[in-house]
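Have the sequence and the structure open as you read.

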Amino acid sequence: MEWIKLAKKVMGGYSLTKEEAKEILLTSDDDILSVINAAYEIRRYYYGNKVKLNLIINAKSGLCPEDCGYCA
């Protein structure tokens, strides 16, 4: 599979077939860096160089608006 070509098709609005998705999941260790590079190109196309950080705020500090029980 030519991963960069597939990534460019996805960036153009193409949806993967089930077979293509399975092929990605079954990629050999030798080809995994090519798959990661293609995924990065898609991510960069849609999100640029932005980074989003998610943090867990300790509930005991009183700053967390959630009552999920995680920080108990």
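E41 and R44 form a salt bridge (a side-chain nitrogen of Lys or Arg within 4 Å of a carboxyl oxygen of Asp or Glu), with their closest N and O atoms 2.8 Å apart. Both residues lie in helix α3, three residues apart, about one turn of the helix; helices here are DSSP runs of H or I with at least four residues, numbered from the N terminus.

This is a predicted model, in which local features need pLDDT of at least 70 and side-chain atom pairs pLDDT 80 or more, while totals for chains, interfaces and linings use all residues. Residues are numbered from 1 along each chain as its sequence is written, and side-chain values use heavy atoms, without hydrogens and water.

The whole structure holds two salt bridges:

| Pair | Closest N and O atoms |
|---|---|
| E41 and R44 | 2.8 Å |
| K5 and E2 | 3.2 Å |

K5 is exposed, with a relative accessible area of 53%, while R44 is partly exposed at 39% (buried is under 20%, exposed over 50%, partly exposed in between, with a 1.4 Å probe and protein chains only).

The side chain of E20 does make a polar contact of 2.9 Å with that of Y14 (a donor and an acceptor among N or O atoms within 3.5 Å; residues adjacent in sequence count only through side-chain atoms).

Terms used: Helix = DSSP H or I, 4+ residues; strand = E, 2+ residues; numbered from the N terminus.
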